[in-house]
Amino acid sequence: MSAPAAQPRFEPFRLRGANFNLLVLRLLDARPEVIVPALGDQFRRAPGFLRFAPIVIGLDDIAAAPHEVDFARLVAELRNIEIMPIGTTGGTPEMKSLAQSAGLPPLRAAGGREEEVPVQQPAPQPPPQAPAASAEPPPPPLPEGMARPTMVVDTSVRAGQRVWAQNADLIVTGTVNAGAEVIADGNLHVYGALRGRAIAGGADNTDARVFALNFDPELVSIAGYYAVREGLTEAPIGKPVQVRLIGESMRFDKLG
């Protein structure tokens, strides 16, 4: 009598590396009671910006001693305003170790150098949305003279939609409506009205630019530097505009 055939086993999960663009919140002050209200103020100016977004805490600019940073309180208060901190970048070994004990593992950019981090207790596992710590290397730079790839969207982008041109420029021939978000790792062109959120230079490309024939965004960002609608007092709203970075400042030039 033959033995019954074994039932096939199915894998319950698979782990894969992937590249993700994550915003870095560079702390210039170590006090949660200063940082969190300032972020809350930005939320009131640009509703929906960063809501439930995974972010990395940048530690390189903190002048305080490591023991003076209350990472546990910072994490709790950021989550109270619906920001999801998932790890840290930069900082001294002692500061990274203290952050790790509060559930913020050290992350590194894809393709970057891995750093030694002293661990005083078992490291907590990073949340599922943080595979950047073990991501695949970014694509190699384009050969000299070769144009950057371009993604073209021939329709308007509706509220609630997000379009991301990864490792490419983005051209939108229609309107980017309020509540929509368009992201390009390179340059961003909007040939209709730009009323939603526009993010260019998503891969730290400070040479990226934003072009819009009718400039009236909720938020505009290049390589992590951003301005919300209420802060665009110097920009020609409703006009054709080119946005670029000069140092760490945004410049808004009328086109034509």
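**Salt bridges and burial in a predicted model**

A search of the whole structure, a predicted model, finds nine salt bridges.

User: What makes Asp61 and Arg26 a salt bridge?

Analyst: The closest N and O atoms of Asp61 and Arg26 are 3.0 Å apart. The criterion is a side-chain nitrogen of Lys or Arg within 4 Å of a carboxyl oxygen of Asp or Glu, so the pair of Asp61 and Arg26 qualifies at 3.0 Å.

User: Which parts of the chain does this pair tie together?

Analyst: Asp61 lies in the loop between strand E2 (54–58) and helix H2 (71–80), whereas Arg26 belongs to strand E1 (residues 23–26); the pair therefore ties together parts that are 35 residues apart in sequence.

User: Why is Asp61 called partly exposed?

Analyst: Its relative accessible area is 32%. Buried requires a value under 20% and exposed a value over 50%; Asp61 falls in between and is therefore partly exposed. Arg26, with 43%, is likewise partly exposed.

User: How do you know that Arg162 forms a salt bridge with Glu181?

Analyst: The closest N and O atoms of Arg162 and Glu181 are 2.5 Å apart, and the limit is 4 Å; the pair therefore counts as a salt bridge. Arg162 lies in strand E5 (residues 162–165) and Glu181 in strand E7 (residues 181–184), so parts 19 residues apart in sequence are tied together.

User: Are Arg162 and Glu181 buried or exposed?

Analyst: Arg162 has a relative accessible area of 60% and is exposed, because the threshold for that class is over 50%. Glu181 has 7% and is buried, because that class comprises values under 20%.

User: What makes Glu218 and Arg197 a salt bridge?

Analyst: Their closest N and O atoms are 3.5 Å apart, which is within 4 Å. Glu218 lies in the loop between strand E10 (210–215) and strand E11 (219–222) and Arg197 in strand E9 (residues 197–200), so the pair ties together parts that are 21 residues apart in sequence. Glu218, at 23% relative accessibility, counts as partly exposed, whereas Arg197, at 12%, counts as buried.

User: Which residues are linked in a network of salt bridges?

Analyst: The network links Arg162, Glu181, Arg197 and Glu218.

User: Why is Leu194 called buried?

Analyst: Leu194 has a relative accessible area of 0%; buried means under 20%, so Leu194 belongs to that class. Leu194 is placed in strand E8 (residues 188–194). Beyond its neighbours within four places in sequence, Leu194 is in contact with several residues, including Val176, Val210 and Phe215.

How values were computed. Residues are numbered from 1 along each chain as its sequence is written. This is a predicted model: local features need pLDDT of at least 70, side-chain atom pairs count only at pLDDT 80 or more; totals for chains, interfaces and linings use all residues. Side-chain values use heavy atoms; hydrogens and water are left out. Helices (H or I, at least four residues) and strands (E, at least two) are DSSP runs, numbered from the N terminus. Buried means under 20% relative accessible area, exposed over 50%, partly exposed in between (1.4 Å probe, protein chains only). Contact means heavy atoms within 4.5 Å.
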